[in-house]
Amino acid sequence: MILKESQIMKIHYITGIAALFVVAVHIIMRLVMPFSMSLEYENVIANYQNIAYAVLLESILVLIAIHGFNGLRIILIEFRQNIAWENGVTVFTLVAMIALIAYGTRTIIVANGLG
Amino acid sequence: MTALLSIKTRRMKLERDEKKESTLEGSGKVVHLRVYRKNPKQDKSSHFDKFEVPVQRWTTVLDALLHVKGYLDKSIAIRYSCRMASCGSCGMKINGIPRLACYTKISEIDGNIITCEPLPNFPVIRDLVGDFSDFFDHHGAMEPYIHNQNVDIVDKNRLTEFIQTPENVENYLQFSYCIKCGLCYSACPSVGSDTRFPGPQALAQAYRYVADNRDDATQSRLNIVDNKHGIWRCHFAGSCSVVCPKGVDPALGIQLLRGHLVNFSKNDKKLAESRTRDLGKT
């Protein structure tokens with residue numbers, strides 16, 4: 001399936017706005033206790049083991065990966081104007097995005113105790 | 001209060017302009033014209049030639065260049081025609097800003113040194129003359145003419161008139177003021193980095209026909225601009241709208257066309273209409 005540029009950009013805008021929202025929630029959650037305490041090992045693991053929070057982290061991962069790697073694709077495409085470069089950039093960013101989401105999802109699953 | 005301030009600011013500006021002009025008038029003022037010289041057929045390098053030109057308060061940069069060409073160095077290459085900002089031929093970078101030489105008075109420019117260079121983003125043919133081939137190719141790719149399947153253009157007896165209300169015209173009017181001078185194209189940073197990007201002029205013209213109610217090829221035009229090097233590569237720097245000598249706002253046209261493509265904007269024609277009315281008031 002080949003998406004049109006306008007469809008990709010629509011996804012880009014939607015993931016950007018959604019990421020703003022979920023990252024805001026993520027930051028607010030750091031403030032329910034003193035910030036340094038929120039980063040202690042036990043508290044971080046406790047966050048991962050809360051299913052709702054794990055879903056929030058997964059959504060941050062997916063949204064930011066899609067938005068960020070598409071942004072990188074846009075920047076790289078402007079460097080050169082030939083089909084081989086464009087296809088190479090598209091494949092590279094897609095593979096890197098999937099790899100990052102897979103690795104991050106694995107971390108969330110392992111920390112959650114499901115793995 | 002704001003109105004009073006604005007009147008005061010305008011009066012101060014007028015006084016400043018009058019003062020500047022009175023210093024030029026009859027004083028036999030001389031400006032130093034620095035002209036970019038390059039002939040790629042003979043030499044890859046470029047340099048600036050300096051000339052002293054006598055000016056009056058009405059002297060434009062084009063007048064000064066023609067003085068140089070007429071009396072000091074006839075080998076300077078300049079493209080010009082109408083001398084009244086209608087043909088868009090004499091675009092060049094004047095003191096770092098893309099402008100029309102015939103529409104820029106010497107008295108408007110601060111300082112005694114005027115530097116004339118060819119427009120950026122256009123390959124130099126010679127001196128101040130750039131190659132507009134890519135620019136016009138991008139313009140032509142937008143199919144800048146009315147498509148209408150319902151009109152029989154073969155049988156002249158069946159020709160009918162296009163009915164348009166003044167409101168219909170205002171949807172696209174400001175974009176039809178474009179004189180294809182290339183100033184917006186030369187000011188666009190995206191054109192500088194991506195040679196396949198159509199540029200603000202072509203995209204604004206695409207919107208001009210999309211917004212025209214006589215045209216029925218909206219979808220095919222949207223398909224033309226919706227690609228990897230198309231409308232989405234505009235970073236909205238807005239410099240195209242700043243340099244336009246005819247008051248067209250290509251950046252607005254691009255954003256409205258984008259709204260069409262993602263179905264975010266349903267009121268783009270109303271927006272264009274109100275901005276055109278605002279343009280008329282100023």
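How far apart do the C-alpha centres of domain 1 of chain B and domain 2 of chain B lie? Here are some friendly notes to read beside this predicted model.

1. Let's begin with that question. The C-alpha centres of the two domains of chain B are 30 Å apart. Domain 1 covers residues 23-130, and domain 2 covers 133-281.

2. Now look at where these domains meet. Domain 1 of chain B brings 14 residues into contact with 14 residues of domain 2 of chain B. On the domain 1 side, strand 4 (residues 97-100) of chain B gives the most, with 4 residues. By residue type, this side of domain 1 has 9 nonpolar, 4 polar and 1 charged.

3. Next, turn to the contact between the chains. Chain A supplies 9 residues and chain B supplies 13 residues. Helix 1 (residues 5-30) of chain A provides the largest share of chain A's side, 4 residues. That side of chain A is made up of 2 nonpolar, 2 polar and 5 charged residues.

4. Finally, pick out one residue, Gly192(B). You will find Gly192(B) in helix 6 (residues 189-193) of chain B.

5. What does Gly192(B) touch, leaving aside residues up to four places away in sequence? Its partners are Pro120(B) and Asn121(B).

Conventions:
Residues numbered from 1 in each chain as written. Chains lettered and ligands numbered in written order. Predicted model: local features only at pLDDT ≥ 70, side-chain atom pairs only at ≥ 80, totals over all residues. Contact = placed C-beta atoms within 7 Å. Helix = DSSP H or I, 4+ residues; strand = E, 2+ residues; numbered from the N terminus. Nonpolar A, V, L, I, M, F, W, Y, C, P; charged D, E, K, R; others polar. Domains from an automatic or database assignment.
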